[in-house]
Amino acid sequence: MPPAVLPLVDLIPHNNNSNIFDINDIDYHDDDTTYNNPNPEHKEGTATFFKTCFNGLNALSGVGLLSVPYALSSGGWLSLILLFTTAASTCFTGILIRRCMDLDPKIRTYPDIGGRAFGKIGRGVVSIVTYSELYLVATGFLILEGDSLHHLFSSVHFDFSWINISGRVGFVIIVALIILPSVWLRDLSILSYVSATGFLACVVIIGSVLWTGAVDGYNEKGKTLNLSRIPTAFAMYTFCYSGHPVFPTLYTSMKNKSQFNKVLLLCFALCTIGYTLMAILGYLMYGEHVNSQVTLNLPVKRFSSKVALYTTLVIPITKYALIMTPIVSAIENRLTYNKKLLNILIRTLLLVTTVIVALVVPFFGDLASLTGAFLNSIASIILPCICYLKMSGTYKKWSYELIIILAILIMGVSSGMIGTYSSLSDLVGHLRGEH
C-alpha cells in the first residue's frame, strides 16, 4: 500500500445506527473520575492548523527516521509492505482517538478515553501504558544523543579531581542540560516553533544521507525477505509511529478542531514518505551491516556525514519536551494548587530520571524494538480500537468498519506478542554480554 492512499482511511463509513453515536448512550460506569483541568495556566485551543502539523510531525518523525533502515535490513525488501500497513493502521487508529474524544467533550487526555470506556481500571491501564511508552521514547532520545556525540568525539572524556566520567555519559548529561529549558515550556503553540526545527532537521538528514550515498555508491542488494527477523522489523516500524499518546494533547490545543483529521493524514503521509526513502537509502548503502542508527554507519570525516550527524543531535532536543508533555501535565493536574516553582521541579526531576535510565540501559536498538513491540502496539493499535468499539457501540453490529478494526486488532496483538518476545531476548542477551 503506497503512502498516497493514507487519506482513504477516513473514508470508511460510520455506522448508520444513530443510537451508536448518541452521547447519552455512552456507559460512564458511574465512576467518580473527574475530567476538569485544575491547572488554569495550561493554554488550550490556541494552536493553528500549521502549528499543530509541526507538532504532529515532530511527534511522529525523528528517531524512527534513523532506525528504519535497520528495520528494513531485519525484514528484507518485502517488509516495506509491513511499513505501509503499519502506517495506514496507526493513522486510522489516530482518527479513532479523535472520534472517541468527540463522543464526550469532557475527554482531554488519553487516560480519559480509557476511563470513559472501561472505568477506573481502563483509565489506570491506559495511563500506565501510555506514560511508560512516552517515558521510554524520551529515554531513547538521550541514548541516541550519547551515541551520536560519542561517535563524533570518541576520544573525549571528562576528568575531574574527584570523578572520572566517560565521554558517552558526559554527553548524555550535557544534552540533558540543553534540553532542560524546553521542558519548562507549557504552551504547545510556542513549542510548535521548536517542533518546526525538528521537522527541518529530518529533511536535512535525509538529504545528507542521499548525498553520502551518491558519493559512496549504493552497492548493497539486500535480502528479499527474512522471516525470522520480521517481528523485529514490525516492532521498529511500530516505533516509528508512536505519537498516539500525544494526539489528545494536540487535539485539545487546536483552535479549529475540525481540521484534526487533515493534520493526521498530512503528518502520516509525509512521515511515511520520509521513512520509506530513508529505509531504501540506508539499506542500499549498508545492507545487512546497517546499525540501529544509520548515522553511525556514516564516515565521520566526510562533510555530508558531519552534516547528518550534527543535525541528528537536534532531533531529540526538539522532540523531548513534546513527548514528555502528557506525563508532566498528568502529574501537574493532580496537584491541588498551582505553583510555578513546583512545576519546574517536577519537570526537572522527570528529566533526571530519564538520564539515569539512559545510562543504565545504553542499547538504543533493543530499547526501541521493545518499546515498539510491546508498548507502542498497545498504545497505538490495540487501545484505540477497543476503546472506540466500547464507547461507540460499533461492536454490536457487523459493518465494514468493524471488520477493519478487528483486522487491525488481530495484527497488533499477534505481532506485538511475537515482537516483544524477540526484543526481550535481544535486550537480555546484550545485558549479559552475549552479543
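Author: Let us begin with a term: pLDDT is the predictor's confidence in each residue, on a scale from 0 to 100. It matters here since this is a predicted model, and over residues 1-43 the pLDDT stays under 50, although the model has 85 contacts beyond four places in sequence for that stretch.

Reader: And what is the mean pLDDT of the protein?

Author: The mean is 79, and 81% of the residues reach 70 or more.

Reader: OK, how many helices and strands are there?

Author: There are 14 helices and 2 strands in the protein. Of its 435 residues, 57% are buried, and among contacts between residues at least 6 apart in sequence, 85% join residues at least 24 apart.

Reader: Which residues touch the most other members in the largest nonpolar core?

Author: Those are Ile 113 and Tyr 320, in a core of 111 residues. The element that gives the most to this core is helix H4, residues 110-152, with 15 residues.

Reader: What does Tyr 320 touch, leaving out residues up to four places away in sequence?

Author: Tyr 320 touches Ala 138, Phe 141, Leu 142, Ile 179, Val 183, Leu 350, Leu 351 and Thr 354.

Reader: Is Leu 225 buried, partly exposed or exposed?

Author: Leu 225 has a relative accessible area of 39%, so it counts as partly exposed, a class that lies between 20% and 50%.

Reader: And H7, why is it described as largely enclosed?

Author: Helix H7 is largely enclosed by the rest of the structure because 10 of its 11 residues are buried. Among the buried residues of H7 are Pro 231, Phe 234, Met 236, Tyr 237 and Cys 240.

Reader: How far is the C-alpha atom of Phe 234 from that of Ser 415?

Author: Their C-alpha atoms are separated by 7.1 Å, while the two residues are 181 residues apart along the chain. Ser 415 has its place in helix H14, residues 400-431.

Reader: Why does Ser 415 count as buried?

Author: Ser 415 is buried because its relative accessible area is 19%, and the cut-off for that class is under 20%.

Reader: Last one, what does the accessible surface of the protein come to?

Author: The accessible surface comes to about 18100 Å², and 67% of that belongs to carbon and sulfur atoms.

Key
Residues numbered from 1 in each chain as written. Predicted model: local features only at pLDDT ≥ 70, side-chain atom pairs only at ≥ 80, totals over all residues. Heavy atoms only, no water. Core = buried A, V, L, I, M, F, W, Y, C linked by side-chain atoms within 4.5 Å. Buried < 20%, exposed > 50% of the residue type's maximum accessible area, 1.4 Å probe, protein only. Helix = DSSP H or I, 4+ residues; strand = E, 2+ residues; numbered from the N terminus. Contact = heavy atoms within 4.5 Å. Areas by Shrake-Rupley, 256 points an atom, 1.4 Å probe, with all protein chains shown as cover.
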